[in-house]
Amino acid sequence: MSTLPACPQCQSVYTYEDGAQFVCPECGHEWSAPSGEAVTEEARVIKDAVGNVLQDGDTVTVIKDLKIKGSSLVVKVGTKVKNIRLTDGDHDIDCKIDGIGAMGLKSEFVKKA
């Protein structure tokens, strides 16, 4: 979680970032962060079903039959998915599966190949 500085004019703690600037919604003051002060965000680590860290471009294997909502298609156990992309959200893997097309997968149903 990131920690934003308080407003230097009114000391409000409700500041937010707007590009490279900080903005205070209470008094309207805008300022930039000093060069030594940087807002840090923790990188989200996405792991597969057995705890291996996943990265963009990895190849994974499906470990459970997955029914596709709104379709009669099923992604079978052992299906290899190449060149994954990690995203934010409930389904944290975007990929293309041969014979099915583009879809989102949950990392808990795959393991790194």
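How many strands form the open sheet, and in what order do they stand? Three strands form it, in the order 7-4-11, with antiparallel pairing. Strands here are DSSP runs (E, at least two residues), numbered from the N terminus, and two strands pair if DSSP finds at least two bridges between them. Strand 7 (80-81) and strand 11 stand at the edges with a single partner strand each, so one side of each has no neighbour in the sheet. Strand 4 and strand 11 pair over three bridges in the antiparallel sense. One of the residues involved is T61, whose bridge partner in strand 11 is K111.

This is a predicted model, in which local features need pLDDT of at least 70, side-chain atom pairs count only at pLDDT 80 or more, and totals for chains, interfaces and linings use all residues. Residues are numbered from 1 along each chain as its sequence is written, and side-chain values use heavy atoms, leaving out hydrogens and water.

A salt bridge is a side-chain nitrogen of Lys or Arg within 4 Å of a carboxyl oxygen of Asp or Glu. The count by this rule is two.

| Salt bridge | N to O distance |
|---|---|
| D58 and K112 | 3.5 Å |
| K106 and D90 | 3.5 Å |

D58 lies in the loop between strand 3 (30-32) and strand 4 (60-62), and K112 in strand 11 (residues 110-112), so the pair ties together parts 54 residues apart in sequence. D58 is buried (under 20% relative accessible area), at 14%.

K106 is partly exposed at 24%, whereas D90 is exposed (over 50%; 1.4 Å probe, protein chains only), at 55%.

Methods
Helix = DSSP H or I, 4+ residues; strand = E, 2+ residues; numbered from the N terminus.
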